[in-house]
Structure formats: C-alpha cells, structure tokens
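Me: Hi! I'd like to talk through the aromatic rings in a model. Here it comes.

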Amino acid sequence: MPDCIECGSYTKFNNGLCTDCYQKQNRNPWVSGVIKGRIAETIVEQLFISLDFQVFKYGMENSIPGISDLLKGVRSDVSKNIRQMPDFVVFKDKDAHFIEVKFRKNGCLKLKDIEKYGDYPFENALFVLLSPKHIKCISYKELKEGKEIHEKCRNWLGSRKEFETDKDLIIDYCKYAIKFFENVD
C-alpha cells in the first residue's frame, strides 16, 4: 500500500501525497490545471514542429498578454471569444489549422467541455487531447455532430487526414505525455 511522502497516510500513488497533504501544498488548485495545460501545449507544440509544421502561438495568453487577469469576473461576448481562442495555428503545405490543446486525466472530451462559455466561435478548430495514455484529436464539427473522445475511441492524432503525420513520431510524443502525466491528479 503506498504511503504519503509527507505524513505516511494512505495514498493512491507511490511517492505521492495523501489528499490532505496535497490540498495543503496546493492552496490554489487552479494553478495545477494551468501547469498541466502548459505542459500539454508544449508537448503538442514540439510535436507539430517535429512534424515540420510551422507553429504559431495564438491563444489569449500569447495574443493579448496580461488580459487573463483583466478578464476575471468579466462576462461579455468579447471576453468569451477571447477565452476561447485556440492555442495554436499550425501551417504546412499551404494549409492552416486552428489547434486547441486539452489535457484530461480521464481521456474524455465532449462538446459541453468546449461550450462552457457559450457557443464556440472557431468552427474549424481541431482539438488535440492529451491524457496519461493517448494523444487524440477531434474537430469542432465532429463534436457538434455528437461525437466525442473517450477512453476507447480511436480518434488518434496520427489518423487525421488533415495531417497525414508520422505515426511513429506521434507515439514517441505519447511516451513524453505518459511520462509527465502518469501520476497527475
């Protein structure tokens, strides 16, 4: 049985923290989500660069630095659209794509996850989902049609016709994702 590295109580993970110690160390739980998201974005950015795409950072953090603090508590159509800006624009062979990167421990992505701020304004965006086991991809159009990413679906990034990518290289990046996310809550 794994023990907490701080207090010795039961925990789910070897070399991990129990719930109480984790909460004491993570007084701002949203920080953990931001860090996981940034790691996922970095993995996807480097993956597309390795696949010979030009990658342009596009999301609100990059296009309008500092605005995320200003938007706290603001509820308007403009603020919703800014929050929903995709993370990247990738370009190769005279074709460009909006890429939104998501991390989900459970490996699931549904339309309701995307439209929590209202209708999503980037109808031709692709969502790249990292989980502790996979890198998968689905288009916003497919989400609108009722499709979703779940643990057993076969929406592999390497199978997307938009990219016709190097599946072995994607598998290498899946291994990076597994390494960083295997013990994440």
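Predicted model: local features only at pLDDT ≥ 70, side-chain atom pairs only at ≥ 80, totals over all residues.

Me: How many aromatic pairs turn up in the whole structure?

Reply: The search finds 11. Rings of Phe, Tyr and Trp (its six-membered ring) pair if their centres lie within 6.5 Å; planes under 30 degrees apart count as stacked, over 60 as edge-to-face and the rest as tilted.

Me: What about F53 and F163, how do their rings sit?

Reply: Their planes are at 75° with the centres 5.7 Å apart, so F53 and F163 are edge-to-face. F53 lies in the loop between helix 2 (29-50) and strand 1 (54-57), while F163 lies in the loop between helix 7 (140-144) and helix 8 (167-181), 110 residues apart. Helices (H or I, at least four residues) and strands (E, at least two) are DSSP runs, numbered from the N terminus.

Me: Is F53 buried or exposed?

Reply: F53 is buried, at 8% relative accessibility, and F163 is buried at 6%. Buried means under 20% relative accessible area, exposed over 50%, partly exposed in between (1.4 Å probe, protein chains only).

Me: New topic: which residues form the ring cluster?

Reply: Y58, F98, Y120, F122, F127 and Y140 are linked by ring pairs. F98 is partly exposed at 21% relative accessibility, whereas F122 is buried at 13%.

How values were computed: Residues numbered from 1 in each chain as written. Heavy atoms only, no water.
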